[in-house]
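This report describes the fold and packing of one protein chain.

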Amino acid sequence: MWQVLIPVRGGVASKSRLTGASVSPEDRVRFARAFASDVVEAALATPSVAGVTVVTRDDETARHFAQLGASIFTEDEGVGLNGAVRAASEHLRAHHPGDGIAALMGDLAGVTSEALGAALDAAARLELGVLADHDRTRT
């Protein structure tokens, strides 16, 4: 079984690359939440996933994803993405020692439970892995 953690920035810092692109801060928050909701829902629907944890320090984001059924891990201020993922991974390892840990970005457009399940099945054979995108140009 797998524990999936999904970092979600939340709040007005969401999708900051859209700043200056005629996208309001409110719309950036909505876009980010919609993207991440799709990822969380796909993970929750994946049979090999025992739990989904959203990593955030934004209270409104935490409430939204808790209502979807995710657990919440509160990110410490100033640790950055890697630090937040590392801390959440250590927490999940301590509380779910028999499960694998998978970290997913919250903006995986079009992810499905079937695709996630296939990726997790492949990952089960590895000690540590990073999955590249379809074009193998990014992770």
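## Conventions

Helices (H or I, at least four residues) and strands (E, at least two) are DSSP runs numbered from the N terminus. Just after helix 2, for instance, Gly-69 takes a positive phi of about 115°.

The model is predicted: local features need pLDDT of at least 70, side-chain atom pairs count only at pLDDT 80 or more, and totals for chains, interfaces and linings use all residues. Residues are numbered from 1 along each chain as its sequence is written, and side-chain values use heavy atoms, with hydrogens and water left out.

Four strands form an open sheet in the order 3-2-1-4, with parallel pairing; two strands pair if DSSP finds at least two bridges between them. Strand 3 and strand 4 (100-103) are the edge strands, each pairing on one side only. From one strand to the next, the twist averages 25°. Helix 3 (residues 80-95) packs on the sheet and touches strand 1, strand 2, strand 3 and strand 4; its direction makes about 155° with that of strand 1. Contact means heavy atoms within 4.5 Å. Axes are lines fitted to C-alpha atoms, for helices over the stretch in contact, and angles run from 0 to 180 degrees between N-to-C directions.

Strand 1 is joined to strand 2 by six bridges, and Gln-3 stands opposite Gly-51 in strand 2. Four bridges join strand 1 to strand 4, where Ala-103 is the bridge partner of Leu-5. Strand 2 and strand 3 (residues 71-74) are likewise joined by four bridges, with Thr-53 opposite Ser-71.

## Burial of strand 1

Six of the six residues of strand 1 are buried, that is, under 20% relative accessible area, with exposed meaning over 50% and partly exposed in between (1.4 Å probe, protein chains only). Trp-2, Val-4 and Ile-6 lie on one side, and Gln-3, Leu-5 and Pro-7 on the other. In a regular strand the side chains alternate between the two faces of the sheet.

## Nonpolar cores

A nonpolar core is a set of buried Ala, Val, Leu, Ile, Met, Phe, Trp, Tyr and Cys residues joined through side-chain atoms within 4.5 Å. The largest has 17 residues, and those with the most contacts inside it are Val-4, Ile-6, Val-40, Val-52 and Phe-65. Strand 1 (2-7), helix 1, strand 2 (49-56) and helix 4 (113-123) each supply at least two residues of this core; helix 1 gives the most, with four. A second, separate core of seven residues includes Leu-5, Phe-73, Val-85 and Leu-92.

Strand 2, helix 2 (residues 59-68) and strand 3 make a right-handed β-α-β unit: with the strands pointing away from the viewer, the path from the first strand over the helix to the second runs clockwise. Within helix 2, Thr-61, Ala-62 and Phe-65 are buried. These residues cover an arc of only 100° around the axis, which puts them on the same side of helix 2; the arc is that of the directions from the helix axis to the C-beta atoms. The buried residues pack against helix 1, strand 2 and strand 3, whereas Asp-59, Arg-63 and Gln-67 on the other side are exposed.

## The end of helix 1

Leu-44 lies in helix 1 (residues 25-44) and counts as partly exposed because its relative accessibility is 35%. Not counting residues up to four places away in sequence, Leu-44 touches Val-52, Leu-68 and Gly-69.
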